[in-house]
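Student: Could we go through this model together, starting with how its strands are arranged and then moving on to the helices and the core?

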Amino acid sequence: METLHLAPAGSAAESLRRALKADAADGPAGPVQAYPDDLSTGPLQPDDPAVRAQWRQTIDPTGRIRGFLPTGLTLAQFLTPTVFWRRAEHAEHLVVWFSGATSYELAFFHVICDRLHDRPFDIVQVPGPVGALSPEECAPLMADARPITEVERRATREAWQRLKQENAAFRVITPAGLASAPVDHYDAALLDTAGPRGTALAVVVGTVMAAMNAADLTLLWRVAALVESGALIADGPLITNGEHASATRIKRA
């Protein structure tokens, strides 16, 4: 029986491939398939990869995302999960890997439950990001796979339908599960961390990343918006040669 492992990101897929001793060159034909998008940020409606791609470009002033695109693919094409769903729907046995402590991995699990409807599958839920696991850590966790319950599936699908309707800028982890958050969700933390005397951009972004489980690109985008609005003052550029200008200091106005 063919088993297909579904992973929330490319780094997680690579660790799983290595744990399975699978050839990464197998790509879409191999035993692991990575979901191509981070659904914890950006619009969920309309359900259009072009809309998602436009959003990702606005939060990627360094061009990092575009730098990782396979040759010949546009960002919209890269984010389109056609191959992912085709393989999931045709596999004999599915194992879904995710963490409930990471917003993009939990969003991935939600969309799996929503899209696969009544299709049986197993889950492996890990404490931290799947992408942070080494192949040696992945291998023993495969024994922890268990069938998803109908109660879990129904609750997760209902939550995802609500999140889609709300169509907020972010989906974030709360004690009650995944919740919608507005575009200024991280702004107060960024302002407080920068402080009135100024703090290095790298320190501000790193501190809020750790405290609020946020991606660095998202936070850099919000810093740029706060500088543009006048709420933050920067003593230098936010981006230099396509990278974060880590030494630039920012402070509250």
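Tutor: Before the strands, a definition: two strands pair if DSSP finds at least two bridges between them, and the elements themselves are DSSP runs, helices being H or I of at least four residues and strands E of at least two, numbered from the N terminus. This is a predicted model, in which local features need pLDDT of at least 70 and side-chain atom pairs count only at pLDDT 80 or more, while totals for chains, interfaces and linings use all residues. Residues are numbered from 1 along each chain as its sequence is written, and side-chain values use heavy atoms, with hydrogens and water left out.

Student: Switching to helix pairs, how do the axes of H6 and H8 cross?

Tutor: The axes of H6 and helix H8 (residues 150-166) come within 8 Å and cross at roughly 105 degrees. The two helices are therefore roughly perpendicular to each other, a label that covers angles of 65 to 115 degrees.

Student: Which residues meet there?

Tutor: With contact meaning heavy atoms within 4.5 Å, the H6 residues include Ala107, Phe109 and Cys113, and those of H8 include Arg153, Thr156 and Trp160.

Student: Is Arg153 buried or exposed?

Tutor: Arg153 has a relative accessible area of 4% and is buried, where buried means under 20% relative accessible area, exposed over 50% and partly exposed in between, using a 1.4 Å probe and protein chains only. Not counting residues up to four places away in sequence, Arg153 touches Cys113, Leu116, His117, Asp118, Arg119, Pro120, Phe121 and Ile148.

Student: How many residues does the largest nonpolar core have?

Tutor: That core has 26 residues, and those with the most contacts inside it are Leu6, Phe109, Ile112 and Phe121. A nonpolar core is a set of buried Ala, Val, Leu, Ile, Met, Phe, Trp, Tyr and Cys residues joined through side-chain atoms within 4.5 Å. H6 gives the most to this core, with eight residues. Apart from it lies another core, of 23 residues, among them Phe170 and Leu190.

Student: Last topic, the backbone: which peptide bond is cis?

Tutor: The bond from Gln45 to Pro46 is cis, with omega near -10 degrees, and Pro46 lies in the loop between E2 and helix H2 (49-58). Most peptide bonds are trans, and most residues other than glycine have a negative phi. Asn167, however, has phi near 50 degrees, and Asn213 has a positive phi of about 55 degrees.

Student: Where does Asn213 lie?

Tutor: Asn213 is in the loop between helix H10 (201-212) and helix H11 (216-229), and at 30% relative accessibility it counts as partly exposed.

Notes
Axes are lines fitted to C-alpha atoms, for helices over the stretch in contact, and angles run from 0 to 180 degrees between N-to-C directions. Angles under 35 degrees count as roughly parallel, over 145 as roughly antiparallel, 65 to 115 as roughly perpendicular and the rest as oblique.
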